Amino acid sequence: IKQKKRHMGDTKHFCPVSLKENFVLCPGLQEHAAKYKEKIYYFSTSEYRDKFLKNPEEYVAHSEPLQAPPLRVCLLGIHGAGKSTCARQIADKLGIFHIQFEEYLQELILPKTKRKVRPSLDEDNEDDYKIPEELEDFSQTTKTEKEENKEEVKLTDEEEAIKANLADNTEVPPEVLGKIVPDWWKKEPFRSTGFILDGFPRTVHEATYMSEQGLYPDVAVYIQVEEDDILVRLFPPRLKEWKDRRRRKKEYKKKLKALKAKKRV
């Protein structure tokens, strides 16, 4: 039996309500389809279908075609795959924003932490380099430096969640993501320019969050790299960091030994 050709609406298989209200190309579902002027429209939810049927002229093209949103790309891959290098090149070529997710999180708490938060295994504990109270009088550390060392940084619950993610790779709660991620889809200048999002989503929970919020990328690219190539990229800087930590520990022990000698005198 010859099937009758379906005439799709202006947005084809994308939801016209999501495009109009959220400026997002959200895939529609056949179970939420509706017919208007001999054309079939698909909607992402039944609520959007009902909204369309109440006032369809608001969501269809008239004198000019509907404007498509700018390109939104998610670039994924393991640490050391070269995501940021590729993302910068793509952003420059296409004239869109480059958003490095981890760096963005760092910038949110940097005013309070004063330095970037590193993974726990790579981070030195400042208490390990603290001068004992009985030797402070023999140290050349100024009063201001002592006060700064004793001053505790108070972070909000959201900032603590971001810090935990950067240090221990814990999940970022949805309520924290809700104050960060939607802005790239809904607020200027990202909304009208587009972006390449480097390193997000990283987990199933983050991908589920994006889906539930209707934050759909137009393209998702996964970079796959051989382990040997990643080792060549990451080993030299990691070795340098290890040598720097080792040198710092030696200097601390040498300083303690000198202070103890000064106290005995």
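Here are legends for a set of close-up views of this predicted model.

The model is predicted, so local features need pLDDT of at least 70 and side-chain atom pairs count only at pLDDT 80 or more, while totals for chains, interfaces and linings use all residues. Residues are numbered from 1 along each chain as its sequence is written, and side-chain values use heavy atoms, with hydrogens and water left out.

**View 1. The whole chain, to get your bearings.** The chain holds twelve helices and six strands. Both kinds of element are DSSP runs numbered from the N terminus: helices are H or I with at least four residues, and strands are E with at least two. Of the 265 residues, 31% are buried. Here, buried means under 20% relative accessible area, exposed means over 50%, and partly exposed is in between (1.4 Å probe, protein chains only). Take the contacts with a separation of 6 or more: 70% of them are between residues 24 or more positions apart. A contact means heavy atoms within 4.5 Å.

**View 2. Trp185 meets Phe195.** A search of the whole structure turns up nine aromatic pairs. Here the ring centres of Trp185 and Phe195 sit 5.0 Å apart with the planes at 80 degrees, so this pair is edge-to-face. The rule is that rings of Phe, Tyr and Trp (its six-membered ring) pair if their centres lie within 6.5 Å; planes under 30 degrees apart are stacked, over 60 edge-to-face, and the rest tilted. Trp185 belongs to helix 9 (residues 182-186) and Phe195 to strand 5 (residues 195-198), ten residues apart. Both Trp185 and Phe195 are buried.

**View 3. A cluster of rings.** Tyr36, Tyr41, Phe43, Phe52 and Tyr59 are linked into a cluster by ring pairs.

**View 4. Two nonpolar cores.** A nonpolar core is a set of buried Ala, Val, Leu, Ile, Met, Phe, Trp, Tyr and Cys residues joined through side-chain atoms within 4.5 Å. The largest one has 25 residues, and Val181, Trp184, Trp185 and Leu197 touch the most other members. Two or more residues come from each of helix 4, helix 7, helix 8, helix 9, strand 5 and helix 11 (204-212). Helix 7 gives the most to this core, with four residues.

**View 5. Helix 7 and what follows.** Helix 7 (residues 157-168) has twelve residues and reaches 16 Å from its first C-alpha to its last. That is close to the 16 Å expected at 1.5 Å a residue, where the expected span is 1.5 Å times one less than the number of residues. Glu159, Ala161, Ile162, Asn165, Leu166 and Ala167 are buried in this helix. Their cover includes helix 4 (101-113) and helix 8 (174-177). Just after helix 7 comes Asn169, with a positive phi of about 60 degrees. Asn169 is in the loop between helix 7 and helix 8, and at 62% relative accessibility it counts as exposed.

**View 6. The second largest pocket.** About 1200 Å³ of space lies in this pocket, a volume being the space filled by probe spheres set on grid points joined across faces, edges and corners. A pocket is found on a 1 Å grid over the protein atoms alone: it is an open set of points where a 1.4 Å probe fits, with protein on both sides within 12 Å along at least five of seven lines, and lining residues have an atom within 4 Å of a point. The lining has 39 residues, of which His79, Gly80, Lys83, Gln100 and Glu102 lie nearest the centre. Helix 3 (83-94), helix 4, helix 7, helix 11 and helix 12 (227-264) each give two or more residues to the lining.

View 7. Most residues other than glycine have a negative phi, and most peptide bonds are trans. Glu188 and Pro189 are joined by a cis peptide bond, with omega about 5 degrees. Pro189 lies in the loop between helix 9 and helix 10 (190-193). The bond from Phe200 to Pro201 is cis too, with omega near 0 degrees. Phe23 has a positive phi, near 55 degrees, and is buried at 11% relative accessible area.
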